[in-house]
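Hi,

Here is the structure I promised to pass on to you. Have a look at it first, and then read my notes below.

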Amino acid sequence: MRTVNSLIGSPIERVEDLRFLRGRGQYVDDVTREGLLHAAILRSSVAHGRIRSIDTSVALALPGVHSVITAKDIGNRVPRVPMRLQPLPDFEPFGQPVIAETKVRYVGEALALVLADSPAIAEDALGVIEVDIEPLPAVPDRHASAKNESLLFEDVGRNLAIKFRALRGDAAAAFQDAPYVRRESFRVQRHFALPMEPRGLLAEWDAARGRLTVNGGAKVLFFNRRTLARQMGLPESAIEILENDVGGGFGARGEFYPEDFLIPFAARFTGRPVKWTEDRREHLMTVNHAREAECDIEIACRRDGTVLGLRGHAYVDVGAYMRTNGAVSARNIAQFMSGPYRIPNIDIDVALLLTNKTPVGTYRGPGRFETDFFRERLFDMVAQDVGLDRVEFRRRNLVSHREMPYAIATITPYESKDELDSGDYHSTLDRCLEEIGWAEKSKLAGKLIDGRCHGLAVGCFIEGGAAGPKESARIVLEPDGRYTVYVGSSGIGQGLETAFAQIAADALEIPMDRIRGVFHGSTSYVSDGYGAYHSRSVVMGGSAILDAASKLREAIRARAADQLGCPASEVQIVEGSKAVGPRGASVSLTGLSTDGIAAEGAFLNKKHTYTYGAHATHVAVDPKLGHVELLDYVVVEDCGRMINPLTLRGQAIGSVVQGLGGAVMEHLAYDEQGQLLTGSLADYLIPTASDFPNIRAVVLENHPSPINPLGAKGAGEGGIIAAGGVMANAVANALGAFRVEPRQLPLTPAYIWELVQAGSRRAAE
Amino acid sequence: MSVRFEVNGKPVAVTVEPRTTLADCLRHQLRLTGTHLGCEHGVCGACTVLVDGAAVRSCLMLAVQAEGAKIVTVEGLSEDRDLTPLQKSFRKHHALQCGFCTPGMITTAHALLSEEPDCDAARVREVLSGNLCRCTGYISIVEAVLDARAAYKPKERARDRA
């Protein structure tokens, strides 16, 4: 006999690996078709300007060039990239045309699309398109943006898209009577997701049937289908978007980008299949950027370190347009400035300012990475001021287990209330301190050993997950007795097929090899799907699978009851393989139906889950060179209920390393003219195998989420969230003798060296 | 131009433009799509293949330069029936998530372990630092490669005897 629920919680090796390890994955660029046309996109080299003319005649004359599409070929009004999340009317004037019409607003904006017999010929043609752009003064940063001297959208009259405001309690009153107040400014640099697989699309138009098929979907297939149907004047049912193997998402991949219209449009325009694969330079200047945020915040405390309030302003450089999820990080900066802490009075506004840079979107832990840096940095400064140990300062202010669920700040104008669902935030902090060996190692704080100063830091985080409203799943009992699972969630490399097979097999009480497959890659598998974002797949898709499994078992009982000649209520399904009626009569599920038995289930949800935990690190900093070596790093997170500890631990460590990239090296740098200076992977640095060898993850499931039947919480982002704050605090701790207080990221050797020099000068004065 | 070389033990003859990279030739003409292109400027290592036993970035090599060479791709390091010991080790240690960098990791690790089956963690990190992975944080990849060393030792002894 199998025990029920033996797969959930087990470190099952992934089913996906069998194809990936042998080079048998099928990513979108691996797909080909007869008669294919290859697309290449001419992109603006000017950050801000008015288009005078685009001459495509020489390009069109090149042998092998089929056509060149510009805005005038699209129709009367070029469609805009819509807002998927927070679709407020305020954002509408700032929507991005899918191809530049009258102006260009960032380097990399699409101007023309060449279709040719080979990618090389298409790229040759880009070089001979003559574009005449009248340059306008570029808006390179949020300060220039706020001046409104150069406007991205003249008809709107300002570069401010909107201000979000987070409110809780009465901040003004709290600050009025506060015995201690400190004000600080911090800055996080522009960086981004950078999945290893470049984006790509392959679109086919079947003119006879009026049907469009698009390979290359990811993350949010159903939303993108709705958008594309509207833009192309087609019913949704005429479009199928397919998800191939996807080489990483991290928030960026799969959102609706201009190419998601242009390539399908080109397929209908030419009547031929059209394929486009971006190169890495294109990726660096066109995929959603993220993280660029500054804040000017004040904290009020009692003398004993109890936080009374947070107030102030934050500024997010959103780039040139508002598109899909471009408001999420700003919204989260407002709402999650308080993180896992009990801060009774909050008043924070966040301005979304347009600049002539690539538009922003979400990147793993959006707004949370930024606010953890702001808040945890501020906390270490404040703890020192009030003379309280920084661990004790955090313990005193963490939301306690008894206060759950705990209401956090409300956001306007996108009226959104939220609460922390469950957990014991003190326990993960304590566990993290124990794992890093805090009591012993903190004796090294600030010590100079072999020319390097040692530093320790610890910080806490919460990670939101399980965005609603819904997810769908369908399970089919095949005639051969195996089960097929279909979900509306999306696979972006996170191991969805394995986790869902575990959940489905447990729900159906069968071994995993009876699951024929978990299919997630098409808009035709389930009636309605919502995809993979906000760490939602396990909670939403997994819970939908439970519902589908329960409904399927009912359907199986009903069918078996017909054959057994008894009421369905008297039929039991045994080990997912046979149905047993009263008096021991049984029927095998293999062949129970010649065409299979199917049931669709759903999970609806309005609340969020909050995985939580702590990070701690031990670093050695060379004050002469500014180099930081990571000696140890621990992340502890409690995700309510683990589906697969092997993949969860992998998510946690992978997430930490991305966070360390953002903390010490990654930077999308621009000059004053809005030119991207980091247009290759030789310039945009990400962590390599030799950078951070010592990272440990402890994954726990002590406090299940009360809001879903699995008890699971969205996980996978927690590892990134506290990395910036913890690393900056460790550097400050190491270099206390030099009065180093980092107030921005990344912590490059040059920046740390400058802080050491400035600190030494101050000490000498 | 026509060029002849050997891929995964089989001789091939292809006609390519002089500018066609080995990676594009493998992927699009020979349909060996296990070799991936992540940057096309020699940084990410996803396109790593073995050229006469050495790990080479196929995006930085022209197809015509492969004349007479023995090329091995991830497909050539795989078997139909089961995973190889190196692949099993990757699976056991969860050394891959999205799988996009994985073929380059496998070819690079295979080249390393074939030459240096006794390499230590620092050496593995040094060699793999030329292959970017955005998912795993590398810890599990290094563990997987170290754990697979044993499978390469008898082979080397056999080769030395030969």
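Chain A splits into domain 1 (421-462 + 609-765) and domain 2 (467-604), with bounds that come from an automatic or database domain assignment. This is a predicted model, where local features need pLDDT of at least 70 and side-chain atom pairs count only at pLDDT 80 or more, while totals for chains, interfaces and linings use all residues. Residues are numbered from 1 along each chain as its sequence is written, and chains are lettered from A and ligands numbered from 1 in the order in which they are written.

Back to those domains: their centres, taken over C-alpha atoms, are 41 Å apart. In chain A, 14 residues of domain 1 are in contact with 14 residues of domain 2 (contact means C-beta atoms, placed from the backbone, within 7 Å).

Now for the two chains together. Chain B puts 44 residues into the contact and chain A puts in 43. On chain B's side, the elements giving two or more residues are α2 (85-92), α3 (102-115), α4 and α5 (helices are DSSP runs of H or I, at least four residues, numbered from the N terminus).

How do α4(B) and α5(B) sit relative to each other? The axes of α4 (residues 121-128) and α5 (residues 139-147) of chain B come within 10 Å and cross at roughly 120° (axes are lines fitted to C-alpha atoms over the stretch in contact, with angles from 0 to 180 degrees between N-to-C directions). The two are therefore oblique, the word for whatever is left after under 35 degrees (roughly parallel), over 145 (roughly antiparallel) and 65 to 115 (roughly perpendicular).

Cheers

Note on methods
Two residues are in contact if their C-beta atoms, placed from the backbone, lie within 7 Å.
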